Amino acid sequence: MTKQFIAESSFWQLFPQAQLAVLVLDNVNNQGESNAKITDLLAHANGAAKKHLTAEPLSQNPAVAVWREAYQKFKTKKGVRCSIEALLKRVENGKGVGCISPLVDIYNAASLTFALPCGAEDVDTFVGSLKLRITEGGDEFLALGDEENSPTLAGELCYTDDVGAVCRCFNWRDGKRTMVTENTRRAFVILEYPNSSREADLRAALDFIAQHA
């Protein structure tokens, strides 16, 4: 059966004007450390991200505030934040976002440059189709670095497949089971925005990733 990505009606009921930008990358090479070109790309993006830090505290910046508001519309674990907030917080603190692996560095560079959340999963790890939906809870989820299952909550917005959760709380945290690794050959990349105001930026960010991956 062909794998599909399906944003279910429960998602669109919450965010009827949302924009989802999707890219499937074939023949991915995510092995070893990033080369000088990708390292420079990420370094430049860390600098470029500073233009999105226009207010204090961090939560008052438009790129963050829009997600703080969005996360109030569904059930979340206490204290969770959109992935872009975590990245911008590192830039604000002067630490910056460091290298992880070639593909991750590329999509983190896109996130920082455009102040948009971006994630990637290994397509070949999906069991059945990938769905973005409000869950009834209980979907199995093991986060990177965790040793115990942390199931989804009833009313939580998350990405799931037939086995369990792929990414919890919309775009908060990916699971270990579907994460991109050095063995990844096909990657599903997605950027999201809760309204239609930044469609051009979403397209530009997607082009950025396609160009450098």
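**A first look at this predicted model**

1. Alanine 115 counts as buried, because its relative accessibility is 0% (buried means under 20% relative accessible area and exposed over 50%, with partly exposed in between, for a 1.4 Å probe and protein chains only). Its place is the loop between α5 and β3 (helices are DSSP runs of H or I with at least four residues, strands are runs of E with at least two, and both are numbered from the N terminus). Alanine 115 is not a glycine, yet its phi is positive, about 55°.

2. A word on the basis of these points: residues are numbered from 1 along each chain as its sequence is written, and side-chain values use heavy atoms, with hydrogens and water left out. This is a predicted model, in which local features need pLDDT of at least 70 and side-chain atom pairs count only at pLDDT 80 or more, while totals for chains, interfaces and linings use all residues.

3. With 73% relative accessibility, asparagine 27 counts as exposed.

4. Proline 57 sits in the loop between α2 and α3 (62-70).

5. Now to the sheet of three strands, which is open, antiparallel in its pairing and ordered β2-β8-β3 (strands pair if DSSP finds at least two bridges between them). β2 (19-25) and β3 are the edge strands with a single partner each, so one side of each has no neighbour in the sheet. From one strand to the next, the twist averages 20°. Between the antiparallel strands β2 and β8 there are seven bridges, and leucine 20 faces glutamate 192 of β8. Helix α5 lies across β2, β3 and β8, at about 155° to β3 (contact is heavy atoms within 4.5 Å; angles run from 0 to 180 degrees between N-to-C directions of axes fitted to C-alpha atoms, for helices over the stretch in contact).

6. Further along come two hairpins. β5 (residues 157-160) and β6 run antiparallel and are joined by two bridges, with four residues in the hairpin between them; threonine 160 stands opposite alanine 165 in β6. Two bridges also link β6 to β7, again antiparallel, and here cysteine 167 is opposite aspartate 174 in β7. The hairpin of β6 and β7 has four residues between its strands, and its cysteine 169 has a positive phi near 50°.

7. The largest pocket holds about 870 Å³ of space (a pocket is an open set of points on a 1 Å grid over the protein atoms alone, where a 1.4 Å probe fits, with protein on both sides within 12 Å along at least five of seven lines; lining residues have an atom within 4 Å of a point). It is lined by 36 residues, of which Ile100, Val104, Tyr107, Asn108 and Asp174 are closest to its centre. Elements giving two or more residues to this lining include α4 (83-92), α5 (102-114) and β8 (187-193).

8. The second largest pocket has a volume of about 260 Å³ (the space filled by probe spheres set on grid points, which are joined across faces, edges and corners). Among its 18 lining residues, those closest to its centre are Asn29, Ile38, Ile106, His212 and Ala213. At least two lining residues come from each of α2 (36-48), α5 and α6 (199-212).
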